[in-house]
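Biologist: I would like to learn how to read a structure, one feature at a time. Where do we start?

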Amino acid sequence: LKIHILPPFWKTWWFITGMFMLAGSLIWLIFRMRIYSINQQKHMLEKRVEERTTALSKAKELLEEKQEEIMLQNEELSRHRHNLEDLVRERTIELENARKKAEEADRLKSAFLANMSHEIRTPMNAIVGFSSLLLSDLTEDEEKRYIEIINNNCENLMVLINDILDISLIEANQIKIELVPFD
């Protein structure tokens with residue numbers, strides 16, 4: 001009697017071969033899944049890089065446009081600044097000339113007032129002096145002569161005052177000119 005004892009199924013060649021094949025298939029499947037996952041990530045990253053590159057390109061173009069616009073504005077501001085500097089220079093010269101004219105006018109006005117005060121004082125002194133002489137004991141001829149001097153100086157004083165008023169009217173542009181024929 002020959003008894004053949006069969007080994008348990010896990011020790012059989014077909015089970016061991018199947019296990020190796022199963023293990024190989026699992027390793028190959030895991031490897032393929034890993035490759036697929038890596039390819040998906042690569043594809044997704046390439047898509048993100050492309051989107052980001054496009055966005056950066058648009059941003060770069062926008063920045064270049066803005067930079068060109070800023071350069072144009074800077075040039076325009078520079079031109080305006082130069083124009084303003086020229087205008088300020090011109091106005092400064094005009095103001096300096098006006099200041100000199102005003103100082104000259106002030107000097108002339110002061111000289112005019114000094115001259116006029118002297119001219120007014122002269123007849124006033126004569127009037128006051130001869131009026132005080134009239135109070136003393138004088139002859140009738142001397143009184144008449146002194147009264148004539150007082151009248152002449154009063155008339156001179158009135159002429160000076162009228163001239164001063166005419167000058168002030170001329171300066172204020174309030175004098176009316178009459179055109180009258182004369183010889």
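**Reading exposure, rings and helices**

Modeller: Start with Leu26, which is partly exposed because its relative accessible area is 45%. Leu26 sits in helix 1. Keep in mind that this is a predicted model.

Biologist: Which residues form a nonpolar patch on the surface with Leu26?

Modeller: The patch is made of Met19, Leu22, Leu26, Trp28, Leu29 and Met33. Together these residues have about 620 Å² of accessible area.

Biologist: Is Phe20 buried or exposed?

Modeller: The cut-off for exposed is over 50% relative accessible area. Phe20 has 62%, so Phe20 is exposed. Phe20 belongs to helix 1, which covers residues 13-135. For a distance along the chain, take Phe20 and Arg32: they are 12 residues apart, and their C-alpha atoms are separated by 18 Å.

Biologist: Now the rings. How many aromatic pairs does a search of the whole structure find?

Modeller: The search finds three aromatic pairs. One of the pairs is Phe9 with Phe15, with 5.2 Å centre to centre and 85° between the planes, an edge-to-face arrangement.

Biologist: Why is the pair of Trp14 and Phe15 edge-to-face?

Modeller: Planes over 60 degrees apart count as edge-to-face. The planes of Trp14 and Phe15 are at 90°, so this pair is edge-to-face, with ring centres 6.4 Å apart. Ring pairs link Phe9, Trp10, Trp14 and Phe15 into a cluster.

Biologist: Next, helix 2. How does its reach compare with the expected value?

Modeller: Count the residues, then look at the span from the first C-alpha to the last. Helix 2 has 32 residues, 140-171, and reaches 46 Å. That is close to the 46 Å expected at 1.5 Å a residue. Just after helix 2, Asn173 takes a positive phi of about 55°.

Biologist: Which residues in helix 2 are buried?

Modeller: The buried residues include Tyr146, Ile150, Asn153, Leu157 and Leu160.

Biologist: Why does Asn153 count as buried?

Modeller: Buried means under 20% relative accessible area. Asn153 has 13% relative accessibility, so Asn153 counts as buried.

Biologist: Leaving aside neighbours within four places in sequence, which residues is Asn153 in contact with?

Modeller: With those neighbours left aside, Asn153 is in contact with Pro123, Ala126 and Ile127.

Terms used
Residues are numbered from 1 along each chain as its sequence is written. This is a predicted model: local features need pLDDT of at least 70, side-chain atom pairs count only at pLDDT 80 or more; totals for chains, interfaces and linings use all residues. Side-chain values use heavy atoms; hydrogens and water are left out. Helices (H or I, at least four residues) and strands (E, at least two) are DSSP runs, numbered from the N terminus. The expected span of a helix is 1.5 Å times one less than its number of residues. Buried means under 20% relative accessible area, exposed over 50%, partly exposed in between (1.4 Å probe, protein chains only). Rings of Phe, Tyr and Trp (its six-membered ring) pair if their centres lie within 6.5 Å; planes under 30 degrees apart count as stacked, over 60 as edge-to-face and the rest as tilted. Patches are made of residues with over 30% relative accessible area and no salt bridge: like charges are joined within 9 Å, nonpolar side chains (Val, Leu, Ile, Met, Phe, Trp, Tyr) within 5 Å. Accessible areas come from the Shrake-Rupley method with a 1.4 Å probe; for residues, only the protein chains shown count as cover. A salt bridge is a side-chain nitrogen of Lys or Arg within 4 Å of a carboxyl oxygen of Asp or Glu. Contact means heavy atoms within 4.5 Å.
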